[in-house]
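User: I'm new to reading protein models. Could you walk me through this one, a feature at a time?

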Amino acid sequence: MNSLLNKNVALLKERFPDLYTLLKNDIEHFTESQMPFEVFSAKSGEITATYKGLLLHSKYNPSREANQVISSFSNEKSVAVFFAFGLGYAPSAFAKSNKDSLLILVEQDVKWFLASFFVFDWTEIFSHQKLILLVNAPVEACTNVLSNFSQKEIQFYEASVQSSHSQAFFTELKNNLKSKEQKELINTNTLERFAHLWLKNSCKNLKNFALLDGVESYFAPPAKNDVPFVILAAGPSLESVLPHLKELKKRAFLVCVDTALKVVLKTGVEPDFIILVDPQYACALHLEFLKTKESILITESAVWPSVFRFPCKKIVLCSSLFPMGRYFESKIGKKGVLEAGGSVSTTAWDFARKAGAKDIFIAGLDLGFSGKQTHIRGSQFEERAHFLSNRFLTAESTSVTSIFSSPTENAKDYCGNTILSDKRMDLFAWWFEESCKVAEQNGQKTHSLTKKSRAINGIDFVPIEIFLKQPIKLEQKMQFLNQAENKQNKISLEKRNEIYQNVVKDFVEQLQFLLSLSQKGIELCNKGISDAEKIPTITEELKLLDAKILHSKAKAAASLVFPTERQLEKKSKTLPQDEKRKSLYYSRLIYSELKKACQDYLFALQKYEAHSE
């Protein structure tokens with residue numbers, strides 16, 4: 001190894017010993033002849049390079065070029081991410097001029113990383129206090145690291161020629177980050193729209209945490225359940241599977257999403273499980289006027305209260321997606337987490353995975369508009385569109401609105417034919433791709449029974465005729481259900497109710513404590529605003545107050561009706577722009593919103609608890 005390489009490797013070993021250990025074999029066997037680019041001297045005397053005839057850096061002055069690149073770093077940003085970096089000029093310049101900012105370097109190809117050690121001094125980079133190296137890391141790992149920061153915090157740097165050697169890797173990484181960003185936006189929009197609905201429903205349904213068993217009793221180790229699970233989603237292609245449901249049920253557990261239930265029951269077959277986790281009233285209507293003696297309904301505590309009156313074999317709860325439910329679950333006993341990927345079909349798939357299914361089959365997961373339809377004919381969605389239609393708003397226009405409510409694009413089905421899809425469906429497709437990839441590592445494979453559904457990487461198409469050749473498994477199904485029943489809570493209803501009442505009492509006390517702290521915070525902020533000389537003393541008092549709030553047991557639950565970051569940002573723009581008191585005005589806003597959240601909770605609890613007695 002040359003002297004510069006020795007120096008850089010020593011710096012790597014000192015700063016990142018674990019990474020050095022992982023790359024040790026590559027380092028020991030790497031030679032100058034393996035360098036993927038050609039180096040030469042720039043006009044300034046510095047080393048520069050070309051890759052496939054294209055310049056990686058300036059042929060005149062690479063350092064000056066690097067300083068120009070990183071000069072775009074905004075004061076509003078706190079993280080710089082470099083997707084590849086050539087020899088390292090730009091990261092080095094950044095490390096030198098932005099010592100308080102986080103620097104993240106992403107390089108998929110070890111050879112490119114080590115080749116830069118031969119010709120460029122990494123001292124400035126390795127001496128940067130806030131440094132993360134993602135070298136030869138999988139796309140999933142890079143996505144997880146970068147997803148810890150909001151898009152507002154990050155400034156990305158990428159020169160196409162520097163990242164072209166791993167173009168597929170960086171394209172996938174950027175797509176993953178974009179999907180994560182879209183998911184966060186959807187979550188924010190959903191929270192802003194439904195927070196108060198979730199609060200109201202949760203308070204009405206609270207007692208169910210004590211009275212109902214959890215879905216966790218059906219969980220099993222991965223791939224240990226030889227009975228297949230078939231997910232019945234509500235896409236138009238489900239129609240091709242409906243005539244076979246009776247035979248499918250003999251060979252598999254049928255898991256039906258709420259939107260498909262009506263059309264499934266019309267076939268005379270009752271699914272083994274029904275999944276409904278959306279809190280909206282419109283989703284509760286999917287069960288309206290229906291009943292089933294053989295189905296187990298899996299739901300969550302914030303759904304519309306009428307869902308818990310659905311006549312079925314049994315109702316079980318999954319862990320709540322919302323803070324209030326999580327608080328009560330932590331006190332009364334966990335129910336079992338089911339993932340929410342933005343669609344009830346993702347929750348249904350995750351249930352099948354956690355039930356230990358070796359093979360999961362999906363029917364009707366179209367993630368597109370097969371035949372320009374949004375849902376299978378006869379579903380609650382479609383029939384309601386017809387019922388509400390009039391001369392000004394026809395059922396067809398309702399469908400068209402649904403199709404074009406998000407930017408449309410083309411996708412391929414399992415036959416290779418083009419189907420209409422949209423950006424929302426991209427997010428769901430990405431969720432299934434990533435989740436199925438992880439499940440397959442545990443021996444759990446996902447298949448599609450409908451060839452007109454959107455083709456998803458990691459999910460293969462299996463003709464239903466092939467599936468029906470599998471042996472009948474009624475005995476194994478009964479054995480699985482009996483084992484789940486034996487694992488369920490044996491505590492008496494009287495005892496459960498006693499535990500519940502104690503938790504409610506404790507929760508109310510915590511909210512009242514949080515309410516008193518927020519009121520005190522408002523009063524302190526008002527004192528500082530009216531008397532600038534008191535600001536230093538008040539700032540210290542507020543720090544102690546904030547510590548108490550952060551350790552409050554009820555703070556997480558109160559966040560449900562607390563404004564989102566986007567809402568807070570909007571509210572803060574109306575605050576007085578007095579630089580000396582700016583932080584106090586903002587703190588007062590936070591305490592005021594926290595006070596309102598606690599009051600909303602206490603009012604709802606008092607109202608619905610009194611109503612339930």
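**Reading the model step by step**

Analyst: Let's start with serine 116, which counts as buried because its relative accessibility is 0%. Buried means under 20% relative accessible area, exposed means over 50%, and partly exposed is in between, using a 1.4 Å probe and protein chains only. Before we go on, this is a predicted model, in which local features need pLDDT of at least 70, side-chain atom pairs count only at pLDDT 80 or more, and totals for chains, interfaces and linings use all residues. Residues are numbered from 1 along each chain as its sequence is written, and side-chain values use heavy atoms, with hydrogens and water left out.

User: Where does serine 116 lie, and which residues is serine 116 in contact with?

Analyst: Serine 116 is part of helix α5, residues 110–119. Helices (H or I, at least four residues) and strands (E, at least two) are DSSP runs, numbered from the N terminus. Contact means heavy atoms within 4.5 Å. Once neighbours within four places in sequence are set aside, serine 116 contacts Phe37, Phe85, Gly86, Leu87 and Trp122.

User: How do I read a salt bridge?

Analyst: The general idea is that side chains of opposite charge can pair when their charged atoms come close. The cut-off here is a side-chain nitrogen of Lys or Arg within 4 Å of a carboxyl oxygen of Asp or Glu. This structure holds 24 of them. In one of them, lysine 7 pairs with aspartate 121, and their closest N and O atoms are 2.9 Å apart. Lysine 7 sits in helix α1 (residues 3–15) and aspartate 121 in the loop between α5 and α6 (123–126), so this pair ties together parts 114 residues apart in sequence.

User: Are lysine 7 and aspartate 121 buried, exposed or partly exposed?

Analyst: Lysine 7 is partly exposed, because its relative accessibility is 38%. Aspartate 121 is partly exposed as well, at 31%.

Now look at arginine 496 and aspartate 213, whose side chains meet in a salt bridge of 3.3 Å, N to O. Arginine 496 lies in helix α21 and aspartate 213 in the loop between α10 (208–211) and β8 (229–232), so the pair links parts 283 residues apart in sequence. Both arginine 496 and aspartate 213 are buried.

User: And where do charges gather in a patch on the surface?

Analyst: Lys520, Lys527, Lys534 and Lys548 form a patch of positive charge there. Patches use residues with over 30% relative accessible area and no salt bridge, joining like charges within 9 Å and nonpolar side chains (Val, Leu, Ile, Met, Phe, Trp, Tyr) within 5 Å. Lys and Arg count as positive and Asp and Glu as negative, leaving out His and the chain ends, and each charge is placed at NZ of Lys, CZ of Arg, CG of Asp or CD of Glu. Lysine 534 is in the loop between α21 (493–530) and α22 (535–550), and it is partly exposed because its relative accessibility is 42%.

User: Last one: how should I read a positive phi?

Analyst: Most residues other than glycine have a negative phi. Alanine 84 isn't a glycine, yet its phi is positive, about 65°. You'll find alanine 84 in the loop between β4 (79–83) and α4 (89–97), and its 2% relative accessibility is why it counts as buried. Leucine 367 also has a positive phi, near 45°, and lies in the loop between β13 (359–363) and α16 (380–387).

Key:
Areas by Shrake-Rupley, 256 points an atom, 1.4 Å probe, with all protein chains shown as cover.
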